[in-house]
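Hi,

Here is the structure I promised to pass on.

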Amino acid sequence: MKRHDAPVPPLPTRTEAHLRAAQVTAPPGLAVDAIPPAGFRRFSHVVTLDRRDLDAAAAELFSWQVQRRAGLRVQSSDAVLVVGTVVLLHLGFGKAAVRIPCRVVEVVDEPGLKSFTYATLPGHPERGLEKFALSSTDDGRVRFAVSAVSQPATRLAKIGGPLTRAAQDLMTRRYLAALRT
């Protein structure tokens, strides 16, 4: 078991209710795998892992271990995510921490393919979707893809310009490294 693999703490009741009541900030019809509308950035990064345990990797993915290992603090309405799960991620500490609220909008749990997509909620620095997908390769290894389509939502993210994109790219690299054994 890795250092961060304990179950994620639950969201406080009031926070969970607030996030469940919030509308996603991703525009209707936005899709991770489609051409993005003007003003949105789309990316997809893929790594092939040395591991061959798709189901074990999926258990880690679906229990927020990728986000935790990437350095985020995680509080979730569900220890194992399902469609409708709300999560509050934090980057940094104390009052300077960036709050990153999201709602899981899609889960795929099929032989050979395990994935989930979350949409941003009000207060997230971006507005859009992010997808985390695991699949089996022909030689039995596990392929891990992180894809997103988003645009800055907060004033700080808009002002940040290239720094905001660099931070998003850094987190994506950290996500991709999180399932390496």
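Predicted model: local features only at pLDDT ≥ 70, side-chain atom pairs only at ≥ 80, totals over all residues.

**Notes on the chain**

Leaving aside its neighbours within four places in sequence, E130 is in contact (heavy atoms within 4.5 Å) with V32, F116, T117, Y118, V146, S147, A148, T172 and Y175.

Numbering starts from 1 along each chain as its sequence is written, and side-chain values use heavy atoms, with hydrogens and water left out.

**Overall picture**

The chain has five helices and seven strands, taken as DSSP runs (helices: H or I, at least four residues; strands: E, at least two) and numbered from the N terminus. Their order from the N terminus is α-β-α-α-β-β-β-β-β-β-α-α. The C-alpha trace spans about 45 × 35 × 25 Å along its principal axes. The radius of gyration, taken over C-alpha atoms, is 16 Å, which agrees with the value near 16 Å for a compact globule of 181 residues; the globule rule is 2.2 Å times the number of residues to the power 0.38.

Buried residues make up 47% of the chain. Buried here means under 20% relative accessible area, exposed means over 50%, and partly exposed is in between (1.4 Å probe, protein chains only). Of the contacts with a separation of 6 or more, 58% are between residues 24 or more positions apart.

**Back to E130**

E130 sits in strand β6 (residues 126-136). E130 is buried but has no salt bridge, meaning a side-chain nitrogen of Lys or Arg within 4 Å of a carboxyl oxygen of Asp or Glu. The nearest side chain of opposite charge is R41, 8.8 Å away. For charges, Lys and Arg count as positive and Asp and Glu as negative, with His and the chain ends not counted.

So what is R41 paired with? R41 forms a salt bridge with D169, with the closest N and O atoms 2.6 Å apart. That pair links distant parts of the chain, 128 residues apart: R41 is in strand β1 (residues 41-49) and D169 in helix α5 (residues 162-177). Both ends are partly exposed, R41 at 23% relative accessibility and D169 at 21%.

**Other salt bridges**

The structure holds 11 salt bridges. Here are some of them:

- K114 pairs with D55, the closest N and O atoms being 3.5 Å apart. K114 is in strand β5 (residues 113-120) and D55 in helix α2, so the bridge ties together parts 59 residues apart in sequence. K114 is buried at 7% relative accessible area, whereas D55 is exposed at 56%.
- R20 pairs with E16, with 2.9 Å between the closest N and O atoms. Both lie in helix α1 (residues 13-21), four residues apart, about one turn of the helix. R20 is partly exposed, at 40%.
- R51, D53, E60 and R69 are linked in a network of salt bridges.

W64 has a phi near 70°, a positive value in a residue other than glycine. W64 is in the loop between α2 (54-62) and α3 (65-69), and is buried, with a relative accessible area of 0%.

Cheers
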